[in-house]
Amino acid sequence: MPSTLTPLLECRACPRLAAFLDDCRRERPGYHARPVEPFGDPKATLLIVGLAPGYHGANRSGRPFTGDYAGVLLYSTLHRFGFASRPQSVSADDGLQLIDCRITNAVKCVPPENKPETGEIRTCNRFLASELAASPEARIILALGLVAHNAVLQGLTLQRSTCKFAHGARHVLPDGRILHDSYHCSRYNTQTRRLTEPAFHAVFEAIRADLKTKFQWRLTSASSALSAAAVTKN
Ligand code: SF4
């Protein structure tokens, strides 16, 4: 599949989304307004899968969860748990580094009103499937929301009946990968307290426990990476 894929940045397979991006480029010349590529180490152990770029967030900055409210809780949590060199992601060139972590989306183009259609989710799954196939090192996957959960299953050619989405759920997949579920860290979910900071942190506690017990991941490795990043920067 990867060898036959249209390069992500050139993809126009979803006419509605391609037209929406055309309009955005005309109206907002400073915006990225293209499909948004994953961010972070392609060989990372932890892969985080969101829904789709936000219009004024990733669609503007070109980096997932960057530029709008959706990334506030995510990046502060990644930093708290040793997966990011800083607690905020400001722009695609701000020097932030992820540590043994990669962030992607189920749908790579911003959808109107943040709502991709079923066919668009299905069409774009070719890219997520390719990312999953190309990164066997991603032993732990965090799905942010039901759409991301189902997209991961589709990308791994698993039936939805394999496991059901629930916030805080932990699923061992047939190939040994572990899928964690969380409500999406959107502004709506956090402001309505459907997702609280402690509840989100609890998901990362479970992920960190898996990394330490199953994958010999040590916090010292994160600390070393952070130190190396600081030295490189200075
Ligand atoms: S959503 Fe995915 S498949 Fe659809 S046009 Fe964008 S990159 Fe292509």
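Predicted model: local features only at pLDDT ≥ 70, side-chain atom pairs only at ≥ 80, totals over all residues.
1. Residue numbers run from 1 along each chain as its sequence is written.

2. Start with the ligand: 15 residues are around it, and C11, C14, K108, C109 and C124 come nearest. Here a residue is near a molecule if its C-beta atom, placed from the backbone, lies within 6 Å of it. The elements giving two or more residues to this shell are α1 (15–27) and α4 (118–134), and α4 gives the most, with four residues. Helices are DSSP runs (H or I, at least four residues), as are strands (E, at least two), numbered from the N terminus.

3. The shell around the ligand holds eleven nonpolar residues, one polar and three charged. Nonpolar covers Ala, Val, Leu, Ile, Met, Phe, Trp, Tyr, Cys and Pro; charged covers Asp, Glu, Lys and Arg; the others, Gly among them, are polar.

4. Now look at α7, where F200, V203, I207 and L211 are buried. Seen down the axis of α7, these buried residues fall within an arc of 80° (taken from the directions from the helix axis to the C-beta atoms), so they line one face of the helix. The face turned away from that buried side carries the exposed residues P198, E205, A209, K212 and T213. Buried means 20 or more other C-beta atoms within 10 Å of a residue's own, exposed 12 or fewer, with C-beta atoms placed from the backbone.

5. Just after α7, Q216 takes a positive phi of about 50°.
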